[in-house]
Amino acid sequence: MPLAPLVEISAMSVPDRIAHFKAYIAEEKETARAKHDAGAPGIEVCQMLSSSFDALLSTLYDLAVEASPEMKKVALVANGGYGREHLFPGSDIDLLFLLPKPTSSISKPLKVAIDVVLYGLWDLNLKVGHAVRSISENIAEGKQDAITRTTLLDSRLIVGNKRLFQTFKAKYRKEVIINDKANFFKERSADLKTRYNKFQQTVFLQEPNLKESPGGLRDWHNLLWLADSVTDLRDVADLEEAGVVSEVAAIQIQDSIDFLMRLRNEMHFRTGKGTDLLSLRLQGEVAEAFDYPGDDILLKIEALMKDYYTHARNMRNRVRGAFEMMDVEMDAFRESSLTSWLPWVNRKAVEDEFDGFISREGFIYAQSESVFTDDPERLL
């Protein structure tokens, strides 16, 4: 159902307004669920949910402007997954109220206007994460905190002061990411290494976490962030065109994203919350819902998990290859899960030089750019 015109919503009592917004959200989620059940790609469902909440927030923003015209100077910004338009059914709504001046000088009428938006969301029992900051305050926060650093890199304007938002995006990317690129790479490497070690460096987990496990969605997010910092690109097709990933790699990455997002949508719809752990119980329910083949539930689960392991492995390997192409060395990929703990492994066998090449961890690298012009037969 569409939202009522602003003039009608403004005239509603608070209880009627809340009831109207709740009915809108419920119907939008039902439509998204129907789209998902019909087999729509995961990203389409997430984008639909993002658009639905954009419309709700735009209405709340307009109501806030009625409370205080000063609100027009503020940019209402989506952060994190919502900023990427990857809003899953159980995801939090992460928001930034971007101010034209420091929070210390915020006026009482503007504070009231911001509360109109926040209380409107809280009355709907939505999980909301929010911050109220100026450009300089966001830059300072981004430099201090790793989570904030990537969350704000995924910012997207919902409604409000467009010029202020564009200034923020340009300054934030330059001062927090580009000017400290080496530290950003190191930080992303540490994130990957920590996550991979937590899950024994393998995609073959009995109960994988779709977001955090090796080959999960967080691998894709790290590729997005690093590609943004290195190439200013954030789309798989653009990365392929720029030569960061091959055509085959681009297809596999996109297929893995679609699979993981669709699987995560199913888990969120099914549990009614932001579930990321593909538990043994959920594996059976999802395998049935996705109509996997098999005479019994164990065979259906086996078919589901075979798909999961294929996509997770492809994601892990292709992200690694993209990092190599961008000359970003990631500690998490330096040693395989076997060679990292076997004390008797001959390290020379793990990394060796031969005929103009270097072999390292299952990959072959040229020792110089002229390796094939020096001897074309090396192509064979």
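This is a predicted model: local features need pLDDT of at least 70, side-chain atom pairs count only at pLDDT 80 or more; totals for chains, interfaces and linings use all residues.
Biologist: How much space lies in the largest pocket?
Modeller: Take the lining before the volume. The largest pocket is lined by 39 residues. The space in this pocket is about 750 Å³.

Biologist: Which residues lie nearest the centre of the largest pocket?
Modeller: The lining of this pocket counts 39 residues. Nearest the centre lie Gly80, Asp94, Thr151, Lys211 and Arg218.

Biologist: Which element gives the most to the lining of the largest pocket?
Modeller: Several elements each supply at least two residues, among them β2 (93–99), β3 (128–134), α7 (146–153) and α9 (181–198). Helices α4 (80–83), α10 (217–231) and α12 (247–271) also supply at least two each. The top contribution is 6 residues, and it comes from α7.

Biologist: Are α7 and α9 roughly parallel or roughly perpendicular to each other?
Modeller: Their axes are 11 Å apart. The packing angle is about 105°. Angles of 65 to 115 degrees fall in one class, so α7 and α9 are roughly perpendicular.

Biologist: Which residues of α9 meet α7?
Modeller: Start from the α7 side, where Ala146, Arg149, Thr150 and Leu153 make the contact. By class, the residues of this contact are 3 nonpolar, 1 polar and 3 charged. On the α9 side, the partners are Phe184, Glu187 and Arg188.

Biologist: What is the angle between α6 and α7?
Modeller: Helix α6 covers residues 135–144. Its axis and that of α7 are 5 Å apart. The pair is oblique because of the packing angle, which is about 130°.

Biologist: Which residues of α7 meet α6?
Modeller: From α6 come Asn138, Glu141, Gly142, Lys143 and Gln144. The contact of α6 with α7 has 2 nonpolar, 4 polar and 3 charged residues. The α7 residues are Ala146, Thr148, Arg149 and Leu152.

Biologist: With which residue does Asp154 form a salt bridge?
Modeller: The structure holds 22 salt bridges. In this one, the closest N and O atoms are 2.3 Å apart. Asp154 sits in the loop between α7 and β4 (156–160), and its partner, 80 residues apart, is in the loop between α10 and α11 (236–241). That partner is Arg234.

Biologist: How far apart in space are Arg17 and Ala322?
Modeller: Arg17 is in helix α2 (residues 14–37). Beyond residues up to four places away in sequence, Arg17 touches Ile9, Ser10, Met12 and Leu63. Arg17 and Ala322 are 305 residues apart in sequence. In space, C-alpha to C-alpha, the distance is 49 Å.

Definitions and conventions. Residues are numbered from 1 along each chain as its sequence is written. Side-chain values use heavy atoms; hydrogens and water are left out. On a 1 Å grid over the protein atoms alone, a cavity is a set of points where a 1.4 Å probe fits but cannot get out, and a pocket is an open set with protein on both sides within 12 Å along at least five of seven lines; lining residues have an atom within 4 Å of a point. Grid points are joined across faces, edges and corners, and a volume is the space filled by probe spheres set on the points. Helices (H or I, at least four residues) and strands (E, at least two) are DSSP runs, numbered from the N terminus. Axes are lines fitted to C-alpha atoms, for helices over the stretch in contact, and angles run from 0 to 180 degrees between N-to-C directions. Angles under 35 degrees count as roughly parallel, over 145 as roughly antiparallel, 65 to 115 as roughly perpendicular and the rest as oblique. Contact means heavy atoms within 4.5 Å. Ala, Val, Leu, Ile, Met, Phe, Trp, Tyr, Cys and Pro count as nonpolar, Asp, Glu, Lys and Arg as charged, and the others, Gly among them, as polar. A salt bridge is a side-chain nitrogen of Lys or Arg within 4 Å of a carboxyl oxygen of Asp or Glu.
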